[in-house]
Amino acid sequence: MELHFPLILDGATGTELQKRGYTGDVSAEQWVLAHPDSILSIQRDYVAAGSQVLYTPTFGGNAVKLAEHGVTEDTAAYNRRLADLSRQAADGKALLAGDLSPTGLFLAPLGSASFDQLVDAYAQQAAGLEAAGVDLYVIETMMTLSDARAAVLAVRSVSAKPIFVTFTCDQNGRSISGTDITAALLVLQGMGIDAFGLNCSAGPDQMLPQLRRLREYARIPLIAKPNAGMPTIVNGKAVYDCTPEQFTALVPDMLASGVMIFGGCCGTTPAHIFELSKISGDYAPRPVPAPKHITTLSGLEPLRIVPEANFINVGERTNVAGSARFARLIREANYEEALSVARAQVDAGAQLVDVCMDDGLIDGPQAMRHFLNLMASEPEIARVPVMIDSSKWEVLEAGLQVVQGKSVVNSISLKEGE
């Protein structure tokens with residue numbers, strides 16, 4: 001499917017549903033199915049205002065969230081019913097984006113979920129959206145790389161259609177779980193997504209500096225879907241004070257920063273989208289830069305390996321084959337002291353930290369997963385990329401599922417075949 005830029009998304013759904021009587025006593029998805037005319041009205045207004053893409057009302061439609069609200073219907077069928085409403089609203093005048101959002105599950109050290117659980121939850125939802133005939137997928141309001149990666153893999157298991165991913169972050173460019181948006185971009189761009197950006201977070205003025213950070217590394221179109229400013233609570237309700245004209249004032253700057261896809265999040269209305277659609281055509285989007293053949297890795301911070309860098313310092317003391325002390329600590333499950341080995345390497349100037357758990361007395365996948373999770377919880381260590389070092393596929397896979405950033409895989413010889 002060919003997309004034409006600038007592309008105009010829709011605006012807020014939740015705050016518009018509240019205007020029509022939604023109180024939050026059930027999930028938004030349950031309320032929409034009980035009051036279908038409300039979502040049809042909202043989305044038809046967005047199409048009339050100039051939205052070229054409608055999000056299906058499936059924000060909380062993954063299996064985990066539905067179960068929390070007591071929904072026992074098959075997840076795929078439930079999502080198909082919701083998406084069919086948006087198909088009616090679009091009426092052939094807008095594309096349909098299958099909407100996926102966080103499951104609420106976290107991998108260690110923040111939670112106890114497994115990566116496979118995340119993939120399975122999203123796969124069920126994606127199957128329903130694909131059956132409904134959506135034109136593309138939007139994985140939105142992401143806060144962790146694990147959720148985002150799992151959702152991308154789940155969608156790719158059922159569809160080859162375009163995938164957009166948007167994170168939400170604070171003014172420093174980090175999500176509430178600590179994921180840096182540049183690290184997320186580098187990982188997901190490498191997974192072959194079609195556009196990346198930010199949604200929710202704040203108003204356009206606070207989102208712009210983070211979009212400029214992303215511009216330096218983006219080789220795909222960027223997305224901006226900000227709130228209508230920061231809310232204030234009036235009589236128990238969130239009130240957004242960014243007018244449609246204020247909302248669109250920074251569109252030229254966003255276009256210059258590589259944004260080619262615009263929309264609105266919390267507090268935005270069809271009036272905001274109308275202003276977007278009215279002025280966006282007056283500006284030519286910044287071309288997507290030609291790919292640069294520069295290896296770019298990331299922990300919490302990017303690392304570019306350029307010719308003038310001479311060499312890269314790799315800390316190899318967190319390798320059980322290279323450090324007797326580290327191997328002993330891992331065998332004894334003394335992970336806290338083992339973590340100090342990684343910290344010492346970074347403090348000494350290591351730009352990459354090599355982690356290897358290949359030892360006959362160690363459960364390699366479990367040890368790799370646990371140690372990388374501990375590293376991710378220490379910002380002074382997690383700022384540098386990881387080299388996941390193993391001759392075993394299952395250990396590499398365990399590491400790649402949890403590593404926070406774009407890493408190097410090392411030591412696979414392929415001598416035993418694929």
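Colleague: What share of the 418 residues in the protein chain do buried residues make up?

Modeller: Buried residues make up 53% of the 418 residues in the protein chain, and please keep in mind that this is a predicted model.

Colleague: And what radius of gyration does the protein chain have?

Modeller: The protein chain has a radius of gyration of 22 Å, which agrees with the value near 22 Å that a compact globule of 418 residues would have. Along its principal axes, the C-alpha trace spans about 65 × 50 × 45 Å.

Colleague: How many helices and strands are there?

Modeller: The protein chain holds 17 helices and 16 strands. Among contacts between residues at least 6 apart in sequence, 75% join residues at least 24 apart.

Colleague: Let's go to helix 13, then. Which of its residues are buried?

Modeller: Helix 13 covers residues 324–331, and its buried residues are F326, A327, L329 and I330. Seen down the helix axis, these buried residues fall within an arc of 165°, so they line one face of helix 13.

Colleague: What covers the buried residues there?

Modeller: The cover includes helix 14 (335–347), strand 14 (352–356) and helix 15 (364–376). Just after helix 13, A333 takes a positive phi of about 60°.

Colleague: New topic: how many aromatic pairs does the count come to?

Modeller: The count comes to three aromatic pairs. One of them is formed by F167 and F196, and this pair is tilted, with 5.9 Å centre to centre and 35° between the planes. F167 lies in strand 5 (residues 163–167) and F196 in strand 6 (residues 195–200), so the pair ties together parts that are 29 residues apart in sequence.

Colleague: Are F167 and F196 buried or exposed?

Modeller: Both F167 and F196 are buried.

Colleague: What about the rings of F326 and F371, how are their planes set?

Modeller: Their planes stand at 75° with the ring centres 5.4 Å apart, so the pair is edge-to-face. Because F326 lies in helix 13 and F371 in helix 15, the pair ties together parts that are 45 residues apart in sequence. F326 is buried, with a relative accessible area of 0%, and F371 likewise counts as buried at 0% relative accessibility.

Colleague: Last one: where does the charged end of K225 sit?

Modeller: The charged end of K225 sits over the ring of Y55, at 4.5 Å from the centre of that ring.

Definitions and conventions: Residues are numbered from 1 along each chain as its sequence is written. This is a predicted model: local features need pLDDT of at least 70, side-chain atom pairs count only at pLDDT 80 or more; totals for chains, interfaces and linings use all residues. Side-chain values use heavy atoms; hydrogens and water are left out. Buried means under 20% relative accessible area, exposed over 50%, partly exposed in between (1.4 Å probe, protein chains only). Helices (H or I, at least four residues) and strands (E, at least two) are DSSP runs, numbered from the N terminus. The arc is that of the directions from the helix axis to the C-beta atoms. Contact means heavy atoms within 4.5 Å. Rings of Phe, Tyr and Trp (its six-membered ring) pair if their centres lie within 6.5 Å; planes under 30 degrees apart count as stacked, over 60 as edge-to-face and the rest as tilted. A charge sits over a ring if NZ of Lys or CZ of Arg is within 6 Å of the ring centre and within 35 degrees of the ring normal. The radius of gyration is taken over C-alpha atoms; the globule rule is 2.2 Å times the number of residues to the power 0.38.
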